[in-house]
Amino acid sequence: MRRPHRSLSSRRASQGPGAEEEEHSRLGPGRSARRRVLILSADVGEGHAAAARALAGQIEQAPQPAQVTVIDGLRAMGHVLRPVVEDGYRIQLRFVPWTYTIVYWLLKHVYPVRAFTRWLLNVFGSRPLARTIARHDPDVVVSTYPAITVVLARLRRTGAVSCPTVATITDLTGLFFWAQPGIDLHMVMYGQSLPSVERIAGRGSARLVRPLIAAEFLQPRCPLAARRALGLPESGRMVVVSGGGWGVGDIAGAVREFTAVPEVSSIVCLTGRNEQLARKLRRAFVEVPRVHVYGFTDRMPELLAAADVLVHSTGGVTCLEAMAAGTPVVSYGLPVGHARVNTRAMAALDLVRLAKDTSELREQVRASFASNGRAGAPHAGEPIPVQDAEAADVVLAVPRRVRPIPKWRLRAVALATQLVLLLAAGMWMMSTDEVTALATRILQVHPLAQVKTDRPDVGVIVRMPAPAVPAVAALLAGRGTHVSFADDGRVPSETTVEAVRSLGDEMLPEVPGSATPRWMRTRAVLHSQARALGLRHRFYYLQPRGGLSVGQLVLARTAGATPVCGAQRFSATSRLPQRHTRAGDVLVVELDGSSASVAGLERIVARLAGEGLAAEPLGWLTRSPAIRASSSGERTSSAAPATSRPSEAASGTPPSGVEAKLSPSSSGASTTGTTV
């Protein structure tokens, strides 16, 4: 049964107006008036709610007058988080428990996952929780659930919550969410947790307290009387099998195993609020009188007093209750997530026994029988003495340890975070080619793929290592073939440029790959190549194989350069593409400088000749009469001079009397990288 908004008021609290002032005057100087305590719990299993109820009961019984309010903290954090955390956790444990192991491992070992989860909790839960706390106006706030603790700590550090904050820690390990620097004090149930909590939250941030369990578990009880009250056999062994508040784990397997143990006279099965499981177990063991199926029950103190051993699946507060009652605990049935880590740590301290399967379960339970007195007689049931501080006293006297972060620093961090995110998003956008197509439309830059011409010519760009360019150019020129050369964005030497031009070929600028650090040098690289080639303000350049990033496109645009993508791009040593080559196409052929690649280029030229097409440098093709440059098949008009001198074509300078244009799309054509 859920208790989302349960309020508890001290018996000393008056209900009339001005009650606090009257009480303060009645108590006299030096005595404080009643303190308002707000406890934030969660309906995620029964342990967190049980801890909240136990703490509220202790505070009510404390000498200092106080008013206690217990609410569902997840519900207070809004309508988004509660179903995700509460229902998602329940579904995981009941149907796919192995997924919770993965989630828990990621949260524990992968800091970005943990930080992102913490960020989500704060984004969705901070404002609703802050409003709820402000409405109750408490003197101290206590959280019993880790997800709530994360958000409460953030509110405390930012100053949204000004009163002291306390967090309860009922687990032994896995404290990455239990302990937070923004919590004034953590109340831990195990002394072994103190160093871990203070390492996370700072020195003096933890205090060992008596277990947050109901006072009934600490009262000595007669096991025989407890069995009589429960209507269970007084002789023989009694085993309690519990699946926690949600009834999860291999409860049926444990019960089935104990039905084969003769000395067990009664088996009490606790299914919590899992009514479907309760009905299933009642049907399965209807003919076994030793099996008693209970749903959610408030008779746990009597059951633990009467039992010889508790078989529990989830650990947590139920184990604390059993240890306080002096009942041995065997952990079995749900070895996932924090339950596995926590119970292993408890087993290492000899607080519980672990069983991986039913055979180990029987062995561990019988070992508990042997250490618990003679067979057939219930154990003494004396509670374990606890000498630690009372949780209520700690809460009512909690110090203000956390100093809220100054608002100016929070604003500075928020501004810096926004700038970093903006810069990161901008760097990503400028470094990626995912949105280049959109950028080309906005900037009106159309990569050259085809030149519309009435001549049977094809522009050929050979991309190869710079040292081999002069030799390959000479070999091709000897056979009457002329092409454009590019060399991976390097600045060609003066000797190479002169050798290539003397053979009637040309060098074309090229932009290197779009790796994040390299794209920022695009403008400088293009300017260096343009100066070495004697090019003027506007020219063509070969884009990388993988395409241009947005940053490369923008920087090249500011340099007055227009990209060439080519209608086809392939390696000279690979199979020739099956696509039919048309007049005016721009082909980009990649050579590695080897004789095989040169032979491959010759095959390509021969194939073009067989199709009635001639290979020409890009500059010659764009200067031919009656042409129009085209981008990806889209044609745009361009005007070209009727004639041009060979010396001008070789030098890469635009023809005299022709105005240079920005791109092929604006009535211009290019030669040796120069748009005319």
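**Ser-143 has Ala-167 of strand E5 as its bridge partner.** In this predicted model, in which residues are numbered from 1 along each chain as its sequence is written, local features need a pLDDT of at least 70 and side-chain atom pairs count only at pLDDT 80 or more, while totals for chains, interfaces and linings use all residues. Side-chain values rest on heavy atoms, with hydrogens and water left out. Strand E4 (residues 140-143) pairs with E5 in the parallel sense over 3 bridges, pairing being assigned where DSSP finds at least two bridges between two strands. Helices (H or I, at least four residues) and strands (E, at least two) are DSSP runs numbered from the N terminus. Strand E5 (residues 165-169) is mostly covered, with 5 of its 5 residues buried, where buried means under 20% relative accessible area, exposed means over 50%, and partly exposed lies in between (1.4 Å probe, protein chains only).

With a relative accessibility of 46%, Asp-137 counts as partly exposed. Asp-137 is also linked with Arg-36 and Asp-139 in a network of salt bridges, a salt bridge being a side-chain nitrogen of Lys or Arg within 4 Å of a carboxyl oxygen of Asp or Glu. Another residue other than glycine, Gln-444, has a positive phi of about 55°; Gln-444 is found in the loop between helix H18 (436-443) and strand E14 (450-452), and its relative accessible area of 56% makes it exposed.

**Six strands form an open sheet with parallel pairing.** The order of the strands is E10-E9-E8-E11-E12-E13. Strand E10 (291-294) and strand E13 (353-354) stand at the edges and have a single partner strand each, so one side of each lacks a neighbour in the sheet. Within this sheet, strand E8 (residues 237-242) runs parallel to strand E9 (residues 264-270), and 6 bridges join the two. Val-241 stands opposite Cys-269 in E9.

**Glu-263 and Arg-366 form a salt bridge.** The closest N and O atoms of the two side chains are 3.2 Å apart. This pair links distant parts of the chain, 103 residues apart, with Glu-263 in the loop between H10 and E9 and Arg-366 in helix H15 (residues 358-370). Both ends count as partly exposed, Glu-263 at 31% relative accessibility and Arg-366 at 36%. In helix H10 (residues 251-258), Gly-253 is buried at 10% relative accessibility, and its C-alpha atom is separated by 9.2 Å from that of Asp-357, which is 104 residues away along the chain.

**Arg-463 forms a salt bridge with Glu-510.** The closest N and O atoms of this pair are 2.5 Å apart. The partners are 47 residues apart and join distant parts of the chain: Arg-463 belongs to strand E15 (residues 457-463), whereas Glu-510 is in the loop between strand E17 (506-507) and helix H21 (522-533). With a relative accessible area of 1%, Glu-510 is buried. A search of the whole structure finds 17 salt bridges.

**Ile-91, Phe-95, Val-96, Trp-98, Ile-102, Trp-105 and Leu-106 make a nonpolar surface patch of about 740 Å².** Patches consist of residues with over 30% relative accessible area and no salt bridge, with like charges joined within 9 Å and nonpolar side chains (Val, Leu, Ile, Met, Phe, Trp, Tyr) joined within 5 Å. Accessible areas come from the Shrake-Rupley method with a 1.4 Å probe, and for residues only the protein chains shown count as cover. Helix H4 (81-95) and helix H5 (97-109) are the elements that give two or more residues to this patch, and H5 gives the most, with 4 residues. Ile-102 lies in helix H5 and counts as partly exposed at 45% relative accessibility.

**Arg-256, Arg-279, Lys-280, Arg-282 and Arg-283 form a positive surface patch.** Lys and Arg count as positive and Asp and Glu as negative, while His and the chain ends are not counted; the place of a charge is taken as NZ of Lys, CZ of Arg, CG of Asp or CD of Glu. Helix H11 (residues 275-284) gives the most to the positive patch, with 4 residues. Arg-279 has its place in helix H11 and counts as partly exposed, at 44% relative accessibility.
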